[in-house]
Amino acid sequence: MTNKTVLHAKHLASGAKMVDFHGWEMPINYGSQIEEHNAVRQNAGMFDVSHMTIVDVQGSDAKAFLRRLVINDVAKLTVAGKALYTGMLNEAGGVIDDLIIYFFSETNYRLVVNSATREKDLAWMTKQSAGFDITITERPEFGMIAVQGPEAKAKVATLLTTEQNAAVEGMKPFFGVQVGDLFIATTGYTGEDGYEIIVPDSVAEDFWQKLIDAGVIPCGLGARDTLRLEAGMNLYGLDMDETVSPIAANMAWTISWEPEDRNFIGRDVLTAQKAEGTQPKLVGLVLEEKGVLRSHQVVVTEFGNGEITSGTFSPTLGHSVALARVPRSVKVGDTVEVEMRKKLVKVQVTKPSFVRNGKKVF
Amino acid sequence: MSNIPSELKYATSHEWVRNEGDGTVTVGITEHAQDLLGDMVFVELPDVGDEVSTGDDICVAESVKAASDIYAPVSGEIVEVNEDLEDSPELVNSDAFGDGWLFKIKMEDAGELDNLLDAEGYKNSIDED
């Protein structure tokens, strides 16, 4: 049984090529993935991300529960609307999912998790909630639209009410606010300015159409992938999964080690891994000659082999880039080799981030 | 359904072949194939002068999505390659049967053309995919 988002008919009307994405029929592109990618880097594009799972965690123990559940510390969130990116681990220290948590109050949080991991995430959260006074409520009655690009905010502003515009005026990155019908957040998955907007199903189509009329270009999952990869953002299932430590997935920055007595799930395993210092790490790879780096290609280094976790052609840079998990001794600036189509090709090691706000950053 | 010109011959591996009537054929990939692959980013062409045999993988079309081998539909010598693809690989997407052609082969045996599919045969082959 294939799920369809509330915007399904709009995609077909725009000539989308639809694909199955973990049980959801989603647009891969509306003609040219590269043109959609460039629209986001240069102007404004939008993505239907209604397949993503919104979960509200509420109750007197909501804060205590989340301090146990995820590796970052929600106690750091004190301003209403502030968001946090983090990971949820199993007991063995593997990543069950990555997610964003919005703080409204110490008894009221909103989580946005991946759609591909929806069932296991909900099952895990429910299991871990034993003994905590909380409710876990999925919110399927909403659609979600990510509007991204240097002109995104200005174009969205033309559709908002005076009250909504006042509320988002000067809002810093990684905040969200509910005003009227819309939950508007300064988050994204492209490395550009913009919003992710949670919208009730009943008005989603109308809002999407108004964005089209305002000159925002519909973009599919293909462009979403090349944009997030240029921005060096992980994709769950490729760059990390339940067998991978956050330390090996460029997610160490999302671990809050202090205070030491916060007993989050997986803490003992991560502490041991940190002490050993032998976990591999996620780096960027750049190939300036012809060819495209792809997932699962072998990376040959003097310290042993690694693997490309995701690779693509970068439309912004005009050559291929990749994220790769390699031995920890490999350094930024090193030259390593990738086995591509039976040949070894030299590539440069960079930090795992390639493009931000339209500009090369390595 | 994509366009499948009736004057061309086809391989099940999605190459089209146009008989130029002078012992050479022009080869490209079909509109259906470029649609499956998505935006083309590099095309690695064979070298002029290469001797190729039917079924050899002689060219790589690399799109945002995947790298795809392209096979020689007939045996012979590569006599010309489409150098415009060096700077404009997207021609394969925008004009698969025209400006997006890949290479020309001087055939060893024109009789090999009879082994290829006609438009209807190719249409049936992709309907089965």
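This dialogue reads selected features of a predicted model.

User: Where do I start with chain A? How many helices and strands make up its secondary structure?

Analyst: Begin with the inventory. Chain A comes to 9 helices and 21 strands. Then take the outline. Along the principal axes, the C-alpha atoms fill a box of roughly 60 × 50 × 45 Å.

User: What radius of gyration would a compact globule with 362 residues have, and what does chain A have?

Analyst: The general idea is to set the value against a rule based on chain length. For 362 residues, a compact globule would come out near 21 Å. Chain A has 20 Å, so the value agrees with a compact globule.

User: What share of the residues is buried, and what share of the contacts links residues 24 or more positions apart?

Analyst: Buried means under 20% relative accessible area. In chain A, 55% of the 362 residues are buried. For contacts, look at sequence separation. Of those with a separation of 6 or more, 66% are between residues 24 or more positions apart.

User: And the surface? What do carbon and sulfur atoms supply?

Analyst: Chain A exposes about 14900 Å², and carbon and sulfur atoms supply 51% of that area. For charge, compare mean positions. Chain A has 37 positive and 45 negative charges, and their mean positions are 5 Å apart.

User: Let me try a strand. Is β17(A) largely enclosed or open?

Analyst: Count its buried residues. Strand β17, residues 319-326 of chain A, has 8 of 8 buried, so the rest of the structure largely encloses it.

User: Which strands pair with β17(A), and in what sense?

Analyst: Read the bridges. β14(A) runs antiparallel to β17(A), with 7 bridges joining them. Leu285(A) has Ala322(A) in β17(A) as its bridge partner. Strand β16, residues 304-314 of chain A, also pairs with β17(A) in the antiparallel sense, over 7 bridges. There, Ser310(A) is partnered by Leu323(A) of β17(A).

User: How many residues lie between β16(A) and β17(A) in their hairpin?

Analyst: The hairpin has 4 residues between the two strands. In the turn, Gly318(A) has a positive phi of about 80 degrees.

User: What backbone values are worth a second look?

Analyst: Most residues other than glycine have a negative phi, and most peptide bonds are trans. Look for departures from that pattern.

User: Which residues join through a cis peptide bond?

Analyst: Glu258(A) and Pro259(A) do, with omega at about -10 degrees. Pro259(A) sits in the loop between α8 (221-230) and α9 (267-276) of chain A.

User: Where is His296(A), and is it buried or exposed?

Analyst: His296(A) lies in the loop between β14 (281-287) and β15 (298-301) of chain A. Its phi is positive, near 75 degrees. His296(A) has a relative accessible area of 56%, so it is exposed, the cut-off being over 50%.

User: And what is phi for Asn357(A)?

Analyst: Phi of Asn357(A) is near 50 degrees, again positive in a residue other than glycine. Its place is the loop between β20 (355-356) and β21 (359-360) of chain A. At 51% relative accessibility, Asn357(A) counts as exposed.

User: Which residues does Gly191(A) touch, leaving aside those up to four places away in sequence?

Analyst: Gly191(A) touches Arg41(A), Ala231(A), Met233(A), Arg356(A) and Asn357(A). Gly191(A) itself belongs to the loop between β11 (182-185) and β12 (194-200) of chain A. At 9% relative accessibility, Gly191(A) is buried. Gln148(A) is 43 residues away along the chain, and its C-alpha atom is separated from that of Gly191(A) by 8.7 Å.

Conventions
Residues are numbered from 1 along each chain as its sequence is written. Chains are lettered from A and ligands numbered from 1 in the order in which they are written. This is a predicted model: local features need pLDDT of at least 70, side-chain atom pairs count only at pLDDT 80 or more; totals for chains, interfaces and linings use all residues. Side-chain values use heavy atoms; hydrogens and water are left out. Buried means under 20% relative accessible area, exposed over 50%, partly exposed in between (1.4 Å probe, protein chains only). Two strands pair if DSSP finds at least two bridges between them. The radius of gyration is taken over C-alpha atoms; the globule rule is 2.2 Å times the number of residues to the power 0.38. Contact means heavy atoms within 4.5 Å. Accessible areas come from the Shrake-Rupley method with a 1.4 Å probe; for residues, only the protein chains shown count as cover. Lys and Arg count as positive and Asp and Glu as negative; His and the chain ends are not counted. The place of a charge is taken as NZ of Lys, CZ of Arg, CG of Asp or CD of Glu.
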